[in-house]
Amino acid sequence: MKIKLDSTAIEWQNKARRFAEEELIPFEVEAEMNGGALPEDVRKRHRKMAAELGFSSMDAQPEYGGLGLRNVDQVAVWEQLGRVTNALCWCFSEPHQWMFEACNEDQLQRYVLPLMDGSRKECYAITESESGSDVRIDTTATRTEGGYLIDGEKWYVTSANHADYFFLQAKLADGPHAGHDAMFLLDKDTPGIEEVRTPLFSHTFDHHHPTLRFKQVFVPEENRLGPEGDGMSYSHSWFRRERLMIAARCCGAMARMIEETTEFAKQRMIGGEPLSEKQLVQAMLADSVMDLWASQLITFETAEAHDRGENVKALHARCSVAKLFASEAAGRVADRCLQIFGGRGYMRENPVERFTRELRVDRIWEGASELQRLVIARALSKRGLEEM
């Protein structure tokens with residue numbers, strides 16, 4: 001079962017598949033047994049290879065040295081990287097299209113473009129303790145000479161332990177746009193940043209999600225993204241991309257789980273015949289294949305709709321459909337596959353066990369499943385089925 005892709009997308013798909021299979025997957029168990037960490041020389045090699053293969057410049061504009069790949073090519077890449085557990089595919093950063101919309105030339109040169117060669121690493125200080133799908137921001141940015149003073153606390157700052165700067169969201173505390181949200185580029189070594197705690201999560205990643213406190217942290221005015229009060233207009237393109245690529249990774253995870261489970265079921269003998277001949281097991285595998293196939297069709301069609309330049313509001317709803325369906329389908333596939341493996345499926349050395357833990361968050365971050373349903377329903381109400 002393969003989605004029909006053109007030669008360019010297939011080339012990128014194959015390149016990512018080889019990188020996943022030959023370079024990343026062999027280190028999964030080592031990472032799992034060592035808190036997600038790999039030796040520094042291995043991490044550097046993976047980062048270097050990813051850049052050389054072009055993964056770190058896929059979405060960057062060609063005039064800045066990027067590849068400007070189509071969305072369908074990028075989905076083909078992230079589907080294959082989604083086959084990997086322990087966030088080992090997070091070995092590189094990449095500039096995204098929304099950054100070119102949001103950042104000025106100076107910001108691009110200092111912060112965004114260095115992501116391509118790995119000389120800089122970003123993280124996102126957005127979420128707060130009271131945040132949910134309604135995005136509540138209590139962190140403030142108060143005007144001071146030459147910039148702003150940031151005060152507040154951020155949760156789940158993913159990859160902060162590897163990053164050297166933040167994209168930080170705060171609410172303007174004063175001035176003509178008081179109460180409006182703004183985004184800032186903030187160097188991690190700026191005085192006044194305190195790590196409150198680094199909680200452990202279900203997954204075993206070397207990319208931590210600490211809680212950070214910001215006390216009178218100075219950020220220069222030139223590090224604010226866009227003019228005050230612009231409403232962070234680029235945020236919709238940010239969410240569209242993240243939701244689409246989550247769907248792509250879920251497709252890759254489902255494919256690997258189905259392959260691993262099918263191979264096991266063909267070899268596992270029960271009552272004198274392979275487990276794969278048991279009809280209840282066949283039913284679980286068949287349902288898993290349907291979940292994968294539907295997810296791939298939705299995800300790749302959504303990517304192609306972006307490349308065709310279809311209505312942006314419709315694309316927003318489509319990305320919600322893709323993330324919602326694929327993330328929930330991946331959870332169903334993981335549960336079935338673990339059940340087929342039995343006790344072996346509950347062992348941490350088994351990729352299905354790791355996927356069972358890791359995929360759960362895909363129904364939460366970048367908008368929980370409940371929010372995606374609201375986005376879809378509102379699009380239906382406003383534009384009708386034909387215009388979604």
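**Close-up views of a predicted model**

**View A. Arg241 sits in helix 7.** Helices and strands here are DSSP runs numbered from the N terminus (H or I with at least four residues for helices, E with at least two for strands). This is a predicted model, where local features need pLDDT of at least 70, side-chain atom pairs count only at pLDDT 80 or more, and totals for chains, interfaces and linings use all residues. Residues are numbered from 1 along each chain as its sequence is written, and side-chain values use heavy atoms, with hydrogens and water left out. Arg241 counts as buried because its relative accessibility is 9%; buried means under 20% relative accessible area, exposed means over 50%, and partly exposed is in between (1.4 Å probe, protein chains only). Skipping residues up to four places away in sequence, Arg241 touches Asp59, Gln74, Trp78, Glu94 and His96. A contact is a pair of heavy atoms within 4.5 Å.

**View B. Glu32 and Arg348 pair up in a salt bridge, at 2.8 Å from N to O.** Glu32 belongs to helix 2 (residues 28-32) and Arg348 to the loop between helix 9 and helix 10 (351-358), so this pair ties together parts that are 316 residues apart in sequence. For a salt bridge, a side-chain nitrogen of Lys or Arg has to be within 4 Å of a carboxyl oxygen of Asp or Glu. Glu32 is buried, with 1% relative accessibility, while Arg348 is partly exposed at 40%. The structure has 35 salt bridges.

**View C. Asp73 and Arg70 make another salt bridge, 2.7 Å from N to O.** Here Asp73 counts as buried at 2% relative accessibility, and Arg70 is partly exposed at 30%. In general, side chains of opposite charge can pair when their charged atoms come close.

**View D. Asp138 and Arg136 form a salt bridge, with their closest N and O atoms 3.0 Å apart.** Both ends are partly exposed: Asp138 has 43% relative accessibility and Arg136 has 42%. Elsewhere, salt bridges with shared partners link Arg17, Glu21, Arg83 and Glu259 into one network.

**View E. Helix 11 (residues 369-383) has the span you'd expect from its 15 residues.** As a reminder, an α-helix has 3.6 residues a turn, so residues three or four places apart point the same way.

**View F. Helix 10 is mostly covered, with seven of its eight residues buried.** The buried ones are Pro351, Val352, Glu353, Arg354, Phe355, Arg357 and Glu358. Among the elements covering them are helix 2, helix 7 and helix 9.

**View G. Ala87 and Glu366 are two spots to check for backbone angles.** Most residues other than glycine have a negative phi. Ala87, in the loop between helix 4 (71-81) and helix 5 (97-102), has a positive phi near 55°. Ala87 counts as buried, at 7% relative accessibility. Glu366 also has a positive phi near 55°; this residue lies in the loop between helix 10 and helix 11 and is partly exposed at 25% relative accessibility.

**View H. His162 is in the loop between strand 3 (147-154) and strand 4 (165-172).** His162 is partly exposed, with 25% relative accessibility. Leaving out neighbours within four places in sequence, His162 is in contact with Arg43, Lys121, Asp206 and His207.

Notes. Expected span 1.5 Å × (residues − 1).
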